[in-house]
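Please keep the sequence and the model in view while reading.

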Amino acid sequence: MDFRTACEETKTGICLLQDGAQEPFKVRLHLAKDLLMIQEQDVICVSGEPFYSGGGAEHNIPVVISKISKEQRAELSGLLFIGDAILQINGINVRKCRHEEVVQVLRNAGEEVTLTVSFLKRAPAFLKLPLNEDCACAPSDQSSGTSSPLCDSGLHLNFHPNNTDTLSCSSWPASPGLRWEKRWCDLRLIPLLHSRFSQYVPGTDLSRQNAFQVTAVDGVCSGIIQCLSAEDSLDWLQAIATNISNLTKHNIKKINRNFPVNQQIVYMGWCEAREQDALQDRVYLPTFLALRGSCLYKFLAPPVTTWDWTRAEKTFSVYEIMCKILKDSDLLDRRKHCFTVQSESGEDLYFSVELDSDLAQWERAFQTATFLEVERIQCKTYACVLESHLMGLTIDFSTGFICFDAATKVLCGQL
């Protein structure tokens, strides 16, 4: 399934996700105007309980929490997690109780409920046959007696993509008032403002085949998203880039309200800076560039406060640098969309972006920033040496170039 609006602000599709060392599994991506949602298919119990559970003695496992309702006490406590096995309720041992018996004990527990839980290390998926061996509960890794949130509930199932289906199976826990459904559940949410994406293996010029990853400004990473084809991968990258660009432009408008006219932000965004020391393990490092007023700022992270603008890693005067879009013959490696920034000190900065549209955006931004700076300063005088004499060179953007003797101010030439 694939749907997009005319503005390419919404897109939904099925991809594979590789997260760490585990095998790739099927996920659904949903791209909104300001958010990328990564969803996995899971089986949940639908009822009116504050949290939902499955298992029980009839399945040779303790009752396991499979879902926690939003804004209920169980969630607000922050002490219960999906995948926790309920061992005691108010001191009552329910490890070997049937699911319905545990539910009844909970309903009769009163207003204050004390649960003893443990992460169930091995739990059968409910579409499989019940285990014939005793379950093994691992001790909690927190002193409060609760389990880690980074656990597998045992309910993750690899179904073909559908929205929501009511499922029934004789091996599932059956209890009056409970209904099991297969749904797409949020696995990871990536805010798009100031996020970055890349189809390259981090730090290298090696491009992944039909795959990319998105990293939020707080460092949360999507994992490697694998598409079915190169065309599909490019389609996703362009849609994500469009939404990030739109958010960036909107954010720039809001920030510029606090800056005077001569200090307005022209454009800002992520690039990958190529390190000059080729002996480093990571040749490319993420760099946040901003063209604002008379300067090009180079940051390690996006500036959020006014104080952040004073802490740039490097700053260059716009009228003393030149941006050059590189042709294929000028590229230093296998990265395709690159540009350089040449400074008056002779330092050349080499940057890589992901798409043609990104490269075009930066080219327009440098042209605009340069034009605005020329319009602002009108003329600029530099000290120079001509035949061992100290001279002055004035560049007047209305009349041209003027060369004069620095000591006598005698005009030597004009173009």
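The model discussed here is a predicted one.

Helix H4 covers residues 356-377, a run of 22 residues. From first C-alpha to last, H4 reaches 32 Å, close to the 32 Å expected at 1.5 Å a residue.

## The buried face of helix H4

The buried residues of H4 are Asp358, Leu359, Gln361, Trp362, Ala365, Phe366, Ala369, Glu373 and Ile377. Viewed down the helix axis, these buried residues of H4 fall within an arc of 160°, so they line one face of the helix.

After H4 comes Gln378, a residue with a positive phi, near 65°.

Strand E15 spans residues 265-274, and eight of its ten residues are buried, so the strand is largely enclosed by the rest of the structure. In a regular strand, side chains alternate between the two faces of the sheet.

E15 has an antiparallel pairing with strand E16, residues 284-292, made over nine bridges. Within this pairing, Arg274 stands opposite Tyr284 of E16. E15 also pairs in the antiparallel sense with strand E21, residues 348-353, over two bridges. Here Ala273 is the residue that stands opposite Phe351 of E21.

## The chain as a whole

The protein chain contains four helices and 25 strands. Of its 415 residues, 44% are buried. Among contacts in the chain with a separation of 6 or more, 50% involve residues 24 or more positions apart.

The accessible surface of the chain comes to about 22,600 Å². Carbon and sulfur atoms account for 53% of that surface.

## Confidence in the model

The mean pLDDT of the protein chain is 79, and 76% of its residues reach 70 or more. Where is pLDDT under 50? One such stretch is residues 1-6, for which the model has 13 contacts beyond four places in sequence. Another is residues 122-176, for which the model has 132 contacts beyond four places in sequence.

Where pLDDT is low, the predicted coordinates should not be read in detail.

Key. Residues are numbered from 1 along each chain as its sequence is written. This is a predicted model: local features need pLDDT of at least 70, side-chain atom pairs count only at pLDDT 80 or more; totals for chains, interfaces and linings use all residues. Side-chain values use heavy atoms; hydrogens and water are left out. The expected span of a helix is 1.5 Å times one less than its number of residues. Buried means under 20% relative accessible area, exposed over 50%, partly exposed in between (1.4 Å probe, protein chains only). The arc is that of the directions from the helix axis to the C-beta atoms. Two strands pair if DSSP finds at least two bridges between them. Contact means heavy atoms within 4.5 Å. Accessible areas come from the Shrake-Rupley method with a 1.4 Å probe; for residues, only the protein chains shown count as cover. pLDDT is the predictor's confidence in each residue, from 0 to 100.
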